[in-house]
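The sequence and the coordinates are shown first.

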Amino acid sequence: MVVVGGGGHGLATAYHLAADHGITDVAVLEKGWLAGGNMARNTTIIRSNYLWDESAGIYEHALKLWETLEERLGTQVMFDQRGVLNLAHSLATSARPSAGSTPTSSTASTRSGSPPPRSASSRRCSTCPTGPPPGARGDVPAARRDREARLRRLGLRPRRPRPRRRPGLRLRGAGLRHRRRPGHLDPHQPAATSRRAPWCCARRVTRRCSPPSWACGSRCRATRSRRWSPSCSSRCWTPS
Amino acid sequence: MAAAVELFPVFARAHVLRTWAGIVDVTPDASPIVGPLHAHDRAWENAWINCGWGTGGFKATPGIGHAFADTVAHGRAHPLVAPYALERFTTGRLIDEHGAAAVAH
């Protein structure tokens, strides 16, 4: 019997093969430290409150074995049953899955029916549960390049937008450099990621500019924002 | 960290004790894959897999050690790990644990 991987699972399997089933010719292969991953470094929580019975079954079985593990192994494993209180956490919304990829984050993808397709030409939107409508233009950098090219042809010098400030902490106790802004929907996200995409259904089209291109260069009066806005586009999509 | 400080500004003065970053193996339904490999190919007659635990493998260590050893020793799936066979991705009997609890570990 060969067990590939000498982490907690591999070692526990080898132990139970020998202890419970009398299979003692077990080789455990490990390229690094034995039990050097979650057992040694980075995981602490033991629980069995899961959604489905299949999950609760295996985790409850494990929890019962954890309770007698020190007795059984005759060694200290620092098992101590107490509560846990999570004060704050944020999930990695930038890892929101697209249709063809593996979901890595828990909430956003399962609660909205169809996650927005994510590609180089469509910006992610933090408010709109659906993807862009067919034919929507979401490629802001391309539109900006297009506008700059037109300005250069007119002999004007395009003004680059200033880089956005990212949230961050100063080293010593000064506090947060993160401020809410108009249109800044999720205070936990920096402005760049919570900006509505140009195809977002949350922004109704109220007036149109001339020429009918959302990169036309005029400010959006409807939203009182200094950002380029899609409100002057004939391609804008209103919720049905 | 920005989220924590937004909720509790006093945390800005706290020191970070420990951080960790790494890669975890996550399956499409956020549940592990435990079982035989020989359902589709007889070449894998005696191979058994136990993987895809994501961030939940630590707490299951003694339980899956016991159940997986029982599975391998008897050549059939232990009742506790039978639902986790690889075939669930073809039969559609998924164990969808996405968003099941606020704790992600």
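Which residues of α2(B) are buried?

## Helix α2 of chain B

In this predicted model, the buried residues of α2(B) are T61(B), P62(B), G63(B), I64(B), G65(B), A67(B), F68(B), A69(B), D70(B), T71(B) and V72(B). Because 11 of the 14 residues of α2(B) are buried, the helix is largely enclosed by the rest of the structure. In chain A, the buried residues of α2(B) pack against α1 (8–21), α2 (38–42), α3 (53–67) and α4 (69–73). In chain B, they pack against β1 (33–36) and β2 (48–51).

The length of helix α2 of chain B, residues 61–74, can be checked against its residue count. Just after α2(B), G75(B) adopts a positive phi of about 70°.

## Two residues and their contacts

S55(A) lies in helix α3 of chain A, one of the helices against which the buried residues of α2(B) pack. Is S55(A) buried or exposed? Its relative accessible area is 1%, under the 20% limit, so S55(A) is buried. Leaving aside residues up to four places away in sequence, S55(A) touches Y50(A) in chain A, and S31(B), Y84(B), I95(B) and E97(B) in chain B.

A30(B) is placed in the loop between α1 and β1 of chain B. With a relative accessibility of 31%, A30(B) counts as partly exposed. A30(B) touches E97(B) and H98(B), again not counting residues up to four places away in sequence. A30(B) and H98(B) are 68 residues apart in sequence, yet their C-alpha atoms are 6.0 Å apart in space.

## A nonpolar surface patch

L85(A), L87(A), V10(B) and F11(B) form a nonpolar patch on the surface. Together these residues have about 410 Å² of accessible area. L85(A) is found in the loop between α4 and α5 (107–111) of chain A, and L85(A) is exposed, with a relative accessible area of 69%.

## Confidence

Chain B has a mean pLDDT of 86, and 92% of its residues reach 70 or more. Within chain B, confidence is highest in α2(B), at 96, and lowest in helix α1 (residues 2–7), at a mean of 80. The model scores ipTM 0.87 and pTM 0.55. Where pLDDT is low, the predicted coordinates should not be read in detail.

Terms used. Residues are numbered from 1 along each chain as its sequence is written. Chains are lettered from A and ligands numbered from 1 in the order in which they are written. This is a predicted model: local features need pLDDT of at least 70, side-chain atom pairs count only at pLDDT 80 or more; totals for chains, interfaces and linings use all residues. Side-chain values use heavy atoms; hydrogens and water are left out. Helices (H or I, at least four residues) and strands (E, at least two) are DSSP runs, numbered from the N terminus. The expected span of a helix is 1.5 Å times one less than its number of residues. Buried means under 20% relative accessible area, exposed over 50%, partly exposed in between (1.4 Å probe, protein chains only). Contact means heavy atoms within 4.5 Å. pLDDT is the predictor's confidence in each residue, from 0 to 100. Patches are made of residues with over 30% relative accessible area and no salt bridge: like charges are joined within 9 Å, nonpolar side chains (Val, Leu, Ile, Met, Phe, Trp, Tyr) within 5 Å. Accessible areas come from the Shrake-Rupley method with a 1.4 Å probe; for residues, only the protein chains shown count as cover. A salt bridge is a side-chain nitrogen of Lys or Arg within 4 Å of a carboxyl oxygen of Asp or Glu.
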